[in-house]
Structures are given as structure tokens and as C-alpha cells.
Amino acid sequence: MDRAETTAADPDRVEASAADAHSATTRRRTYEVRTFGCQMNVHDSERMSGLLEDAGYGPAQPGATADLVVFNTCAVRENADNKLYGHLGMLRQTKAEHEGMQIAVGGCLAQKDQETVQKKAPWVDVVFGTHNIGSLPTLLERSRHNAEAEIEILEALETFPSTLPTKRESVHSGWVSISVGCNNTCTFCIVPALRGKERDRRPGEILAEVRALVADGAVEVTLLGQNVNTYGVEFGDRGAFAKLLRACGEIEGLERVRFTSPHPASFTDDVIHAMAETPNVMPQLHMPLQSGSDKVLKDMRRSYRSKKFLGILEKVRESMPEAAVTTDIIVGFPGETEADFADTMRVVEASRFASAYTFQYSPRPGTPAATMEDQIPKAVVQERFERLCALQDRIGAEENAKLVGSSQELLVTADAGTRSRETGRLSGRSRDNRLVHFTVPAGASSPRPGDFVTVTITEAAGFHLLADPAGPGDYRLRRSPAGEAWDRWQADSCGVGTTQVGGPTPAVSLGMPTLRPAS
């Protein structure tokens, strides 16, 4: 029986089929973004989420199978590729059982491996790089329409990420990218090869985005760049970053400004002065050391030495005695001797870091360090790593202990953590970004995420502080616009605000973007 005969013989069946088809094409497709890597990747994932919601997707409910899973990958961290392909392998059967499901892989590993991703995991539908995040919805649609994989890796930036729609993960805080790419040539780092040379946004565009975030309820922003100190080099103003910090200080309603990451070789006194003299720039500095050995720093091509690094910290603490300094350190770089490692331990002891991100060196294909002689045996690296961690854990605990009895203003966060939930405590971040778990005294009002509380520190641990006020007199609550935004978010039962800055005038909307039928 041909189609004409079927239609004539069973019109009810045809109408039912049409209704089913209409339902399938209008049902809102769901998505999940899984992020690996640094703050830049977290920020990029917010852009991906914003793009997808702008294209009509909705976030998948916890525990539900998403119609689309996007992996935003990292190529810097050890075993990044094994981690990705492990996740992809686990999703293979899920995709086979979930009709219409798509999988996309983006980020640094996709930029590096390109066609390799699809060869190793042919069930992946879309592979895109760091330079064309904005193409994600189009690539997904094209793959679905053509029923084949789409791979698009650009070698130059297509659209500056901060001009794309953003689905923020927090109502009270936002990331603002001031530059992308890096002009440094560190021998262990593959970022310049994957994200390209530094590209700087104009100050007016950055400040417009910051104002849009504040209008959307944010009270804190973090300025992002691979090397924020060199911001402005593209348009010929080497003092641009300090000026940008001061300009952020003039934005009404913006209570906290942070930035990451600076490079010691480019760190100048005008930035220290801007930090100290701008009230809403927080007394916190993340300054990557990488190694305390001058020989290793030279081999890393870091273009500063330990004396300069310690000199910067001395100037920072002269201007801001309350400043907390954090860092990155690599253990076991090729050619590192026991004497070199001893230099690192010496500089760490002298630096008094609040905390440190410590890494065991692992060769990254495509970097000069990967082909260097004198690769350090794993057992030696592990032993040094453990010694360094023990030293930093002691220093961190000692620095935290100095704050017992001090009064700290906290920005309340949404995630209290497992142990805090068990003890009834809430969590917040101090001005210097330390994590503080606190209790609300009986009879006092509870804060919302985004509100501020002032408490006295009663106990210190290695990685956090505790504040258990004796009574309402030792606890002060200050409501904020971010807390109001949290209330609106809760009432609307939808995601946090979507902020988009495009051109000279920012457009800000609360709640979900306008939905279009999925195809």
C-alpha cells in the first residue's frame, strides 16, 4: 500500500502522526555543559550556556538525560585527554538509548586535537575550538540537519567571547574578560598555541559589561585575562590596567573587584597603587610563582627571578598589609635539582601565601618543555610535591590563625558545602577571598546569597575560617541588590540573569531569554 492509499484509508492516524511531529519539533531541547580547567573555561561555559538558551535550549534537570551535552575542555591539566575520552565513552550508550541526543566538544583540547576527537569518539556530533564559541548553535543545527558530524576549528578569533550572550552561574558575581590569548612563551604552557596572541577589549566595552552586570544584580566582578598586566598593549597604553581598576571604582553598586591572573614580569607599581587606592578593589592577589629557582624560571622562560617576585609581594604588603596572596607552583620541571627545589621551598616560606595551587609537572605535547632532557622521575616529583604541600599547608594554617578575633565582612554564597549543611552553617567569602563558614545567631535574620554579613572569626583551619557569633550583637546583616536578584531568581524558578553586551549599549534581561521552537 503506497502513501496515497494510507492517507485515504486512515486519516485519523495521519493527524496523530502530524501532531506527534509538531510536538517533537516544538519541544524545548535540554542541555548540559560540563567544564574542565581554568576560570577562563568557566567563563566560556557561561557564554555557551547563554548561546544555547538564546537558541531555545533549556537547562536539563538534575538527574535527567540532556538532549545535548557540551564538554568545554582543558589541554593544560594532566591527563586532560584521558578524562575527556573517559566521559565520552560513558555517554556512548546513553546517546544510543536517547533518540536525538547530541554531544559537542569544545575548548582547548578540541582546538589542539581537532579531527582526533571525532576519530577517537565518532559518536561526537560537533567539535569546535576556542576561537569560534559563537558558532556552537549553528554547528549543532547543521549536524542535526545533515545527520553527520561537524568539525570547525578556526585559527583566529571569530568573535570576542564577551559580546556573546551569557548565562551566569551566580547572581552576585560575574566574570568579565578583558583580553584573550597571551604573548608570553612559557616553555611548559600550550595556551598561546590554543588561544592565540593577546587581544584586548576597549575599556568602554569592558566597563559597559560591568555596569550591565551590576544592573543585573551583581555586586562583585572578576576581571579575566591570561596576563592582565599587559592589558592595553594592543592599543598602545601600558597603564591601561591600572586605569581600568580605578574606573571600576567609580561604578555605583559595584562592591568588589578582583582580577586574575597577573604575570610577575609585567607587574608594575601603578597597579599596586590602584589596588590600594580604589576601595572596591579587593586586597587579594593571585600571583603565579611557578618556581623559586632562578635557573628553573629561566628554563621556563618566565622572564623574572625570585628577587623580583619577592619584591612585588613586599610592595603589595606595604600598601595593603591585609592583602592575601595566592599562587601557582609547578614541581618537577625538567632539570629541576634538589637545590632548585630547595630554592622554591625558601621562596614559599618567605612569601607566606594564603594558599597555593601546586602541580606536578607533566609534559604537554606541543610545548618546548616536553622535549627537554632531564625529565624528573615520577617518584622524585611525588616526594617533592608532598614536601611542598606540607610546607604550604602549615603556612596557610598559620596565616589563617592570625585572623581569629578579627571582624570580617563576608559576601554570602549559595553553596554552603556538605559539612556546613550538617552543622547548620552558611558560607561566605571575605574581602581577601578566604572561605568562611558562619552561623546565624538565634533571633537574627538569615542572609540570602549575595547579601553581606559582618562576623568575628572564632576558629581557623587550614583551608577555611569559622565564625560562630555569641549572639545577635556579634552579627550584622546588610541586604544587597544581589540578594534581591536572588529573591527574583527564586520566585521566577528559572536560571540566573542573562546579560549580553553588544556594541556601545548593553542589553540586560532577567530570567530566561525568549524561546524559539527547537528544530
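**Entry 1**

I started at Ser 261, which sits in the loop between strand 12 and helix 11. This is a predicted model, and I wanted to look at the backbone there. The peptide bond running from Thr 260 to Ser 261 is cis, and its omega comes out near -5°.

Ser 303 has a positive phi of about 60°, although it is not a glycine. I found Ser 303 in the loop that links helix 12 (294-300) and helix 13 (306-319).

In what order do the six strands of the open sheet lie? I read the order as 2-1-3-4-5-6, with parallel pairing. Strand 2 (58-59) and strand 6 (150-152) are the edge strands, and each pairs on one side only.

I then zoomed in on strand 1 (residues 30-35) and strand 3 (residues 68-73), which run parallel and are joined by five bridges. For Tyr 31, the bridge partner in strand 3 is Leu 68.

Helix 3 (residues 39-54) packs on this sheet, where I see it touching strand 1, strand 2, strand 3 and strand 5 (126-128). The direction of helix 3 makes about 170° with that of strand 1.

A second open sheet has three strands in the order 13-14-15, and its pairing is parallel. Strand 13 and strand 15 are at the edges with a single partner strand each, so one side of each has no neighbour in the sheet. From one strand to the next I get an average twist of 10°.

Strand 13 and strand 14 pair in the parallel sense over three bridges. I noted that His 286 stands opposite Thr 326 in strand 14.

**Entry 1: the largest pocket**

I looked up the largest pocket and got about 1,200 Å³ of space. Its lining takes 37 residues, and those that lie nearest the centre are Gln 39, Trp 175, Tyr 357, Arg 429 and Asn 433.

Which elements give two or more residues to that lining? I listed helix 3, strand 8 (173-177), strand 11 (220-224), strand 12 (256-260), strand 13 (284-286), strand 14 (324-331), strand 15 (355-360) and strand 17 (426-429). Sorted by class, the lining has 12 nonpolar, 17 polar and eight charged residues.

**Entry 2: two helix pairs**

I checked helix 10 (residues 240-248) against helix 11 (residues 269-277): they pack at an angle of about 5°, with axes 8 Å apart. Helix 10 and helix 11 are therefore roughly parallel to each other. On the helix 10 side I listed Phe 241, Ala 242, Leu 245 and Arg 246, and these meet Asp 270, Val 271, His 273, Ala 274, Met 275 and Glu 277 in helix 11. That contact has six nonpolar, one polar and three charged residues.

Then I turned to helix 14 (residues 338-351) and helix 15 (residues 378-401), whose axes come within 10 Å and cross at roughly 10°. Helix 14 is thus roughly parallel to helix 15. Helix 14 brings Glu 338, Phe 341, Met 345, Val 348 and Glu 349 to the contact, while helix 15 brings Arg 384, Arg 387, Leu 388, Leu 391, Gln 392, Arg 394 and Ile 395. By class I get six nonpolar, one polar and five charged residues for this contact.

Key. Residues numbered from 1 in each chain as written. Predicted model: local features only at pLDDT ≥ 70, side-chain atom pairs only at ≥ 80, totals over all residues. Heavy atoms only, no water. Pairing = 2+ DSSP bridges. Helix = DSSP H or I, 4+ residues; strand = E, 2+ residues; numbered from the N terminus. Contact = heavy atoms within 4.5 Å. Axes fitted to C-alpha atoms, helices over the stretch in contact; angles between N-to-C directions. 1 Å grid on protein atoms, 1.4 Å probe; cavity = no way out; pocket = protein on both sides within 12 Å on 5 of 7 lines; lining within 4 Å. Points joined across faces, edges and corners; volume = space filled by probe spheres on them. Nonpolar A, V, L, I, M, F, W, Y, C, P; charged D, E, K, R; others polar. Parallel < 35°, antiparallel > 145°, perpendicular 65-115°, else oblique.
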